[in-house]
Amino acid sequence: MEKVSGNIKKPDKNSSYMLLNVRLENGYTYENGMVAATETVLRNLQIVDGKIAQILETNVPYPNSINCFDAKGMLLLPAFKDMHIHLDKTYYGGPWRAAHTTKNGIFDMISFEQTLLPELLPTAQERGEKLIELILSYGTTYVRSHCNIDQAVGLKNLENLKNALANYSDKISHEIVAFPQHGLLRSNVEGLIREAMNLGVTHVGGLDPTVVDGDMEKSLNTMVQIAVDYNAGIDIHLHEGGETGLKAIRRLADLTEQAGLHGKVTVSHAFSLASLMPGEDVELVNLLASLGISIASSVPIGKSVMPIPLLQQHKVNVLLGNDSITDHWSPFGIGDILQKAHLAAQLYGWNNEYKLSRALSLATGGITSLNEIGTQVWPKEGDEATAVLVPASCSAEAVARLPRRAAVLHKGTLASGDLNPVS
């Protein structure tokens, strides 16, 4: 156990303890056949070596020889997952700077980054660590971070990112995408990407194969071949809209099937899906589902609305990410993935108890306390103690009201916030 102020202790790696008076969801209440409310119960949880060893009713005796902490009736939720973020390049933790002004879109940004990234390099690890602390405070204990691999900084951003994540390895789990922000072909970084894969990167990235790389077929084939060679996943930034973007998605689907990459491919942003016409939308969405191709979205606000409900209806895995957090692309990111689920609920009119409670799955990577028919499925004995305590009555309220994250646990370790010890 790690000591904090005075003699008070907090849970750390491999510690065992009791978490008392935890509120758990255990069913729905129905009126006229519709979900009207969520039922909860108080339970005591025994945590052993990072897992939930026992879930006990509060009147059942428990070992008094180990440390105890009082949740004081707060609701336990699955911890959150940010599946699209850039921890390696951010203004967060430094002086205020608004987004960079461009006249020629992404090409101006590429040019700007070639000067900016070397300037940020000396503080990149420090800023990344501060950003990790921020997202931990909001309940995120799992990230997929895209990391620039480019001619301006080579593999240095990757080195800094890996060091930052290593320093928080007991509090957060991660994946890393080798991201050619300046174009896989355009900036001639296939060799660097391959070097990054040898350093333990989990996913090959890509960027707008037609608009940026200028050769959709070669760009996609190069990305897929790297993934095959290193038995890695794929996560491509696809901002291209309309038919250009749809063509790229369809071709990537073909290559996914040919390469045997089922369940290992993600299309981030995928703005072109918002332009699908009735009929073709179901056909393409079913294709994505059949190949296990995920869509990662930051729930953008704009003229085109992403068809997230349609994707979910057809069993496409929808992931959420904060993307930019206070950087040269956007000054608006706050780091709260639950706020993204909240935004989706507002955008799609998910305002009743049932739909709000189901919206939580967007923030947790699909994990919810109750399944679709209201049976408790989380937590179970044997599950990792990776969770968030919030002052809320149910997950629907948490999505709607965005309560503070009082305590965040990652495999039993207190990753952020506070727990009240019981003397």
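Tutor: Before we start, a convention: a residue is buried under 20% relative accessible area, exposed over 50%, and partly exposed in between, using a 1.4 Å probe and protein chains only. This is a predicted model, in which local features need pLDDT of at least 70 and side-chain atom pairs count only at pLDDT 80 or more, while totals for chains, interfaces and linings use all residues. Residues are numbered from 1 along each chain as its sequence is written, and side-chain values use heavy atoms, with hydrogens and water left out.

Student: Ok, is Ala387 buried or exposed?

Tutor: Ala387 counts as buried, at 4% relative accessibility. Ala387 sits in strand S16; strands are DSSP runs of E, at least two residues, and helices are runs of H or I, at least four, both numbered from the N terminus.

Student: What does Ala387 touch?

Tutor: Leaving out residues up to four places away in sequence, Ala387 touches Leu76, Leu77, Pro78, Ala79, Trp378, Ala407, Val408 and Leu409. A contact means heavy atoms within 4.5 Å.

Student: Zooming out, how many helices and strands does the chain have?

Tutor: The chain has 11 helices and 19 strands. Its radius of gyration, taken over C-alpha atoms, is 22 Å, close to the 22 Å from the globule rule for 423 residues, so the chain is as compact as a globular protein of that length. That rule is 2.2 Å times the number of residues to the power 0.38.

Student: What share of the residues is buried?

Tutor: 54% of the 423 residues. Of the contacts between residues at least 6 apart in sequence, 74% join residues at least 24 apart.

Student: And the largest nonpolar core, which residues have the most contacts inside it?

Tutor: Leu87, Ile193 and Leu273, in a core of 90 residues. Helix H9 (residues 337-348) gives the largest share of this core, 7 residues. Apart from it lies another core, of 21 residues, including Leu24, Val41, Ala71 and Leu76. Here a nonpolar core is a set of buried Ala, Val, Leu, Ile, Met, Phe, Trp, Tyr and Cys residues joined through side-chain atoms within 4.5 Å.

Student: Last one: where is Gly154?

Tutor: Gly154 is in the loop between strand S9 (140-148) and helix H3 (156-167), and counts as buried at 14% relative accessibility. Not counting residues up to four places away in sequence, Gly154 touches Asn148, Ile149 and Leu192. Gly154 and Pro63 are 91 residues apart in sequence and 54 Å apart in space, C-alpha to C-alpha.
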